[in-house]
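Morning, everyone. Please have the structure up on your screens.

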Amino acid sequence: MSHSYPSHVTIVDVSPRDGLQNESTTVPTEVKQTLINDLIAAGVKKLEATSFVSPKWVPQMGDNSALLDALAPTRQKDICYSVLVPNMRGFENAILHRPDEIVIFGSASETFSQKNINCSIDESIERFAPVAAAAKAQGIKVRGVISCTVGCPYEGEIDPSQVAYVTKRLIEIGAEQIGIADTIGVGTPLKVQRALQAALEYADISMLSGHFHDTYGQALSNTLAALQMGVSEFDTSVAGLGGCPYAKGATGNVATEDVVYMLHGMGISTGIDLDKLVVAGERISAFLNRSNGSNVARAIINKRQS
């Protein structure tokens, strides 16, 4: 069975936001800044820097303005700095720092939407309509991420038609890119392909990106399944940092190192230096005082030490 895989894949490292947001210890701004600079030094061209949510809900992101101010002097033109914004107020705070892209979000699960942001799917998208319009008016890219596209902690399996519906709604309000996220990591390759296929009713393949959690150890298989369909952008997190605060037991994002190793082994370029990436992951893991969640990083480190 021959697949025409993309020749290049864009890696979006989400560790500075999605990776750190649930850490119980406060991560100082300068540590986040070092992480971002380490990722850029390793060749990452797109990253989620922070989010402009209320510090009451996500205290870890309370230094969003301070972090972007700290990054400003060395900000590079060819790096896309994304920020997550939950509403118009978050957008108004974010815009002062001229992010390259804003991330808005909807859920493919009605119950998850209610539990996560206390409103229905339709209400959540209506709330984001003025945000997307304001961003576009200022020439800022808009990415819409759909959570729980294959499974929900409350509803179980999610019908692909839900993914199609939310894709359609997000594109209607101005999203230029759609992230298909397996928030709790329950997806398997064919389910992921069905979710992507559903999104393709309204979006071109070039607009889709994958965001797969490794809760059940399926993230690399799901990445491969998405690659087979032509998806060429993936959210990953260095050292496998992060999870979802509203999904009980959902362990981390897929490790950037593991995805990059697989892609390079398939002859797909990423522009990332794997050794430098391992350094970035080791440094933040050491600060957090936790073992590195990347199999590839651990293998490379063990090999160096032997």
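Let's start with the cysteines. A search of the whole structure turns up 0 disulfides. Keep in mind that this is a predicted model. As a reminder, a disulfide is a covalent bond between the sulfur atoms of two cysteines.

Take Cys-152. How far away is the nearest cysteine sulfur? That sulfur belongs to Cys-148, and it is 4.8 Å away. The cut-off for a disulfide is 2.5 Å between sulfur atoms. So Cys-152 is in no disulfide.

Is Cys-152 buried or exposed? Cys-152 has a relative accessible area of 5%, so it is buried. Cys-80 is buried too, because its relative accessible area is 10%. The limit for buried is under 20%.

Next, the largest pocket. It holds about 1000 Å³ of space. Several elements give two or more residues to its lining: helix 1 (15–19), strand 2 (46–51), helix 4, strand 4 (101–107), helix 5 (110–117), helix 6 (121–137) and strand 5 (141–147). Helix 5 gives the largest share, 5 residues.

The lining runs to 44 residues. Which of them lie nearest the centre? Those are Val-53, Leu-84, Pro-86, Phe-105 and Ile-117. What is the lining made of, by class? There are 18 nonpolar, 19 polar and 7 charged residues.

Hold on to Val-53 for a moment, and look at Ala-94. Ala-94 sits in helix 4, residues 88–95. In sequence, Ala-94 and Val-53 are 41 residues apart. In space, their C-alpha atoms are 9.9 Å apart.

Ala-94 has a relative accessible area of 0%, so it counts as buried. What does Ala-94 touch, leaving aside neighbours within four places in sequence? Its contacts are Phe-52, Val-83, Val-85 and Pro-99.

Last stop, the core. In soluble globular proteins, nonpolar side chains tend to be buried together. Here, the largest nonpolar core has 92 residues. Which members touch the most others? Ile-102, Ile-104, Leu-170 and Leu-277 do. The largest share of this core comes from helix 6, with 7 residues. Helix 6 is also among the elements that give two or more residues to the pocket lining.

Now zoom in on Leu-170. Again, set aside neighbours within four places in sequence. Leu-170 is then in contact with Ile-104, Ile-125, Gly-144, Val-145, Ile-146, Ala-175 and Ile-178. Ile-104 is on that list, and Ile-104 is itself one of the core members that touch the most others.

That's my tour. Questions, please.

Definitions and conventions. Residues are numbered from 1 along each chain as its sequence is written. This is a predicted model: local features need pLDDT of at least 70, side-chain atom pairs count only at pLDDT 80 or more; totals for chains, interfaces and linings use all residues. Side-chain values use heavy atoms; hydrogens and water are left out. Helices (H or I, at least four residues) and strands (E, at least two) are DSSP runs, numbered from the N terminus. Buried means under 20% relative accessible area, exposed over 50%, partly exposed in between (1.4 Å probe, protein chains only). Contact means heavy atoms within 4.5 Å. On a 1 Å grid over the protein atoms alone, a cavity is a set of points where a 1.4 Å probe fits but cannot get out, and a pocket is an open set with protein on both sides within 12 Å along at least five of seven lines; lining residues have an atom within 4 Å of a point. Grid points are joined across faces, edges and corners, and a volume is the space filled by probe spheres set on the points. Ala, Val, Leu, Ile, Met, Phe, Trp, Tyr, Cys and Pro count as nonpolar, Asp, Glu, Lys and Arg as charged, and the others, Gly among them, as polar. A nonpolar core is a set of buried Ala, Val, Leu, Ile, Met, Phe, Trp, Tyr and Cys residues joined through side-chain atoms within 4.5 Å.
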